Amino acid sequence: MSGRFISLEGVDGSGKSTQASMLADALRDRGHEVVAVREPGGTPLGEAIRDVVLGPDAMSPWAEALLFAAARAQLVADVIRPALEGGQWVVADRFLDSSLAYQGTARGLGIERVAQVNAPAIDDCMPDLTIIIDIDPASAADRRAGRGSVDRIEDEGEALQEAVATGYREVARLFPERIALVSGAGSLDEVHTHVLAAVIGGL
Ligand code: TYD
């Protein structure tokens, strides 16, 4: 039997990483074997790419997009596809839609073109369901401020994050059959309840 693939998405400070780990725990409690991954990363090559792509050195938008795609190709080949074929569930903290929102929209490369370069990396291994944690820009900015400087992209500031939020709304509009928007307002437990309801209702 093949497993299910769920990705969580959102702007920096949306709380999606916490929600991804709460979701993975809840699915384990329901008896599923769950593999949790994060992007960029999740393989030795992916973690090395993470250091480069989130490091301090400036890079061109396409170099950035292709590095994320390279890390994704390795993660799909080594971790996600084998897990799904083995009947495990995969919960991903970010996947393709991050590239569509950050590189496609916020960097201006175009959602369509970024999707095209990612197609061979993903090789039809797409999430069954993607949850975008939708949070107002001020709350996300507050959470980012609370954790200090973290990486090159997050450090770029508010205009980029606003463009990313616009990108996510566009991606949700383009792929309504795969994507559920869940409000990130409220306590961790409240948001988790909504995430779980989206998973149970959406698969
Ligand atoms: P992440 O580790 O999720 O950061 P955080 O835990 O702070 O949310 O992601 C690192 C950064 O990389 C984040 O700013 C989003 C960015 N990113 C892209 O621009 N494109 C991508 O395809 C991915 C996966 C991440």
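Ala, Val, Leu, Ile, Met, Phe, Trp, Tyr, Cys and Pro count here as nonpolar, Asp, Glu, Lys and Arg as charged, and the others, Gly among them, as polar. By these classes, the shell around the ligand, whose residues have a heavy atom within 4 Å of it, divides into 5 nonpolar, 4 polar and 9 charged residues. This is a predicted model, in which local features need pLDDT of at least 70 and side-chain atom pairs count only at pLDDT 80 or more, while totals for chains, interfaces and linings use all residues. Residues are numbered from 1 along each chain as its sequence is written, and side-chain values use heavy atoms, with hydrogens and water left out.

**The shell around the ligand**
- Of the 18 residues around the ligand, Arg50, Arg72, Arg94, Ser99 and Gln103 come nearest.
- Helix 4 (96-106), a DSSP run of H or I with at least four residues, numbered from the N terminus, gives the most to this shell, with 4 residues.

- A polar side-chain atom of Ser99 lies 2.6 Å from an oxygen atom of the ligand, and an N or O atom in the side chain of Gln103 is 2.8 Å from a ligand nitrogen atom.
- In the side chain of Arg147, an N or O atom is 3.3 Å from an oxygen atom of the ligand.
- The protein covers 93% of the 550 Å² of accessible area that the ligand has on its own, as computed by the Shrake-Rupley method with a 1.4 Å probe.

Conventions:
A polar contact is a pair of N or O atoms within 3.5 Å; within protein, one must be able to donate a hydrogen and the other to accept it, and residues adjacent in sequence count only if both atoms are side-chain atoms. Helices (H or I, at least four residues) and strands (E, at least two) are DSSP runs, numbered from the N terminus.
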